[in-house]
Amino acid sequence: MAAELLIGDVSVGQDVPVLDKDVKPVTVVLGAMASRDWRPQHHDYKFATGNNGLDDIIMNTPNLAAWFERYLTDWTGPKGRLGRIKFRMKDSVYPGDTMKFAGKVTGIEPATGGISWVDVTIELTAGDKSCVSCEARIAVPNDADVNPWKLKGDDWKP
Amino acid sequence: MADASADDLPEEVKGWIGQARYEEKTEFPIEMGYVLTTCSATQNGNPLYWDEKVANELTDGFITLPTMVSVWFRPHDWSPGRTEPAVPLQLHFDLKDRLSLPEAVMSDNTIVFGEPIRPGDELTTTQILYSVSPLKTTKLGTGRFWDFGVRIVNQNGDLCAEERYTGFGYNRD
């Protein structure tokens, strides 16, 4: 059953449940193809290592964004509406890595329309590697009868 | 994020800074098959994308995954009549070419989400170069950081997203 997070369930400093995911070559290729990213460093081992100086094919940025979104909405449920996401790539994610998504709530900001903005920092690591740092702002309803997806115009300012 | 632009850039590249360029429209239908492929690739079971009843209740019908915003502008790798592969984020590839920096990675990415994108939408995007750094050396090689943005609007003129990227183009040392 999908989660239904309300703002009363959230506090600053709270940890978002960790997500671990093993990365296989198909994880990389499927993610690249799903995001229509035909660049060879995401599916061609010889190119990735020989031309780009990488250790293997690598996860692509747009698909990593989708992983971060999945991680957050696993926690919030379908009413959680992503307002803003920022991420910094620090190291590549390769087949054989185990991705670990670990988030922490860093801020809560009441807003109009019956929602609150929840700010979350998320670190994506693979073993000892810090791969991506992410800051996200997601709208969470204050009450069960509020739907963040209905907000428009001046009521939607992430 | 790139520093203030370098002084030693080609005049052509200097002329790009601050200009809205590369207006493009989506060239293939926005539809839920692609959305579900992304959900499958990320093992995302959010019922908003899988269950029409939930979608009707929350979003008046299916919407696309917000983080897929750039996907809708990635051209086909091949299409009839095209003699060379088209590339998304043409500005990024033109910078690689004009600055003779053949390899590149993206380091920073920020997306601000607006009106949800729906199946059947027709989107228009423009790309804006904000800055290009002086030459710098990293573990990948020597090159330049560049900071550029992408605005996406739908057929009604609603702003669906603004993206901001930092790329690093380099030569391997």
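Phe68(A) is in contact with Ile85(A), Phe87(A), Ile122(A), Cys134(A) and Ala136(A), leaving aside residues up to four places away in sequence; two residues are in contact if their C-beta atoms, placed from the backbone, lie within 7 Å. The model is predicted: local features need pLDDT of at least 70 and side-chain atom pairs count only at pLDDT 80 or more, while totals for chains, interfaces and linings use all residues. Residues are numbered from 1 along each chain as its sequence is written, and chains are lettered from A and ligands numbered from 1 in the order in which they are written.

Phe68(A) and Ala136(A) have the most contacts inside the largest nonpolar core, which has 57 residues. Such a core is a set of buried Ala, Val, Leu, Ile, Met, Phe, Trp, Tyr and Cys residues joined through C-beta atoms within 7 Å, where buried means that 20 or more other C-beta atoms lie within 10 Å of the residue's own. With 8 residues, α3(A) gives the most to this core. Another core, of 16 residues, lies apart from it and includes Leu9(B), Leu89(B), Leu95(B) and Leu129(B).

Between the chains, 33 residues of chain A are in contact with 32 residues of chain B. Two or more residues on the chain A side come from each of α1 (25–34), α3 (61–76) and β2 (81–89); helices (H or I, at least four residues) and strands (E, at least two) are DSSP runs, numbered from the N terminus. The largest share of this side, 9 residues, belongs to α3(A).

β2(A) pairs with β2 (residues 103–113) of chain B in the antiparallel sense, over 5 bridges; pairing requires at least two bridges found by DSSP between two strands. Within β2(B), Ile111(B) stands opposite Ile85(A).

Technical notes: Buried ≥ 20, exposed ≤ 12 C-beta atoms within 10 Å, placed from the backbone.
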